Amino acid sequence: MCIRDRTYDGLAGGVPLPGQKVRPHPHGSAGLTGLAMHALDVAQQHPEPFAKGSAWAEKNDALFGPSARWSTYSTAFLVCAHATHRSRGPQGLKLREHAARLVSSQLESGSWNYGASAQGVDALGDHSNTQVAVHALWIAMHEVEYAVPKTTWKRVRDHFKRCQLKDGSWGYRPAKGGRATGKTTKGTWVMTAAGLCSYALAAAALKGGGNANVVKLRKDKVVVNAAKALDALGPPDLADGYQVWMLERVNAILGRPLADWYVPAAKHLLKSQGKNGGWTPAKGAPYGDSRGVYDTALRVLFLARVGRRAVTSTGR
């Protein structure tokens with residue numbers, strides 16, 4: 001199986017350019033651009049848009065302006081893009097600046113929220129923002145040897161261990177105070193996948209990082225219970241780009257056979273692929289952008305990374 005070339009062509013052409021009008025996306029314009037660049041880089045396709053997209057993102061995204069509420073996603077996806085591109089020079093400094101921003105914006109609980117302007121319940125943090133931040137910091141640590149403080153990883157590990165529900169799952173956010181109680185958001189497949197990935201990467205990072213330390217965690221009680229919860233809550237919704245990406249991430253960590261999850265999912269994705277090579281958001285999806293860049297990029301990450309069986313993007 002392979003992704004059609006026009007998928008990459010369409011995704012590369014979908015990187016926002018100055019003057020283009022794009023329907024606002026909740027992950028921020030820079031986040032969307034960073035995600036597209038990250039996906040193309042992981043797939044080792046179309047290196048040309050990186051410089052253009054990077055420059056656009058740095059100049060045009062209001063990380064601390066009107067869209068600051070989404071700055072965790074924007075910052076994290078830009079870190080991913082720069083790290084997999086092995087940015088050097090000025091771009092390398094920008095990568096470290098974004099990574100440092102992620103570290104400094106972590107909440108005392110160990111999670112992340114949407115950003116400095118988050119208010120009310122959003123200020124408590126959630127497991128979607130947290131998973132993306134952890135993913136970005138793990139990649140930065142392995143690709144460009146960015147030194148993530150041990151306290152950052154410890155907070156993440158302790159947070160997910162503390163708020164895991166009795167059935168092994170996690171919800172979108174824990175109850176106020178961070179502990180798993182009856183008031184906690186009900187566990188879901190996608191947030192359990194996010195929790196398992198975040199916990200495993202943080203725990204492995206505290207042991208020095210690398211895929212070998214992730215593999216050792218497959219017998220960890222928190223991971224074992226989360227894996228059981230995933231099986232009970234599944235299957236994931238393949239119409240949701242984020243769930244498709246998490247399907248790859250969590251199975252790379254668990255080391256499950258490709259035939260059990262990748263083959264059927266890949267067949268479904270290729271069958272549902274549009275004539276332009278991309279995937280458009282499901283009808284009524286709240287986070288779909290007008291050109292399907294978000295949904296397509298996440299599916300490219302699923303299809304391009306799988307088979308390497310690596311937690312890091314290069315298998316190191």
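Predicted model: local features only at pLDDT ≥ 70, side-chain atom pairs only at ≥ 80, totals over all residues.
Residues are numbered from 1 along each chain as its sequence is written, and side-chain values use heavy atoms, with hydrogens and water left out.

Let's start with the core. By nonpolar core I mean buried Ala, Val, Leu, Ile, Met, Phe, Trp, Tyr and Cys residues joined through side-chain atoms within 4.5 Å; buried is under 20% relative accessible area, with a 1.4 Å probe and protein chains only. The largest one has 77 residues, and Trp153, Leu196, Tyr242, Met246 and Phe302 touch the most other members. Helix H8, residues 189-205, gives the most to this core, 14 residues; helices here are DSSP runs of H or I, at least four residues, numbered from the N terminus.

Now to the helix pair. H7, residues 150-163, packs against H8 at about 140°, with the axes 8 Å apart; axes are lines fitted to C-alpha atoms over the stretch in contact, and angles run from 0 to 180 degrees between N-to-C directions. So H7 is oblique to H8, oblique being whatever is left after under 35 degrees (roughly parallel), over 145 (roughly antiparallel) and 65 to 115 (roughly perpendicular).

Last, threonine 84. This residue sits in helix H4, residues 71-84, and is buried, at 15% relative accessible area. Methionine 37 is 47 residues away in sequence, yet the C-alpha to C-alpha distance is 9.2 Å.

How values were computed:
Buried < 20%, exposed > 50% of the residue type's maximum accessible area, 1.4 Å probe, protein only. Helix = DSSP H or I, 4+ residues; strand = E, 2+ residues; numbered from the N terminus.
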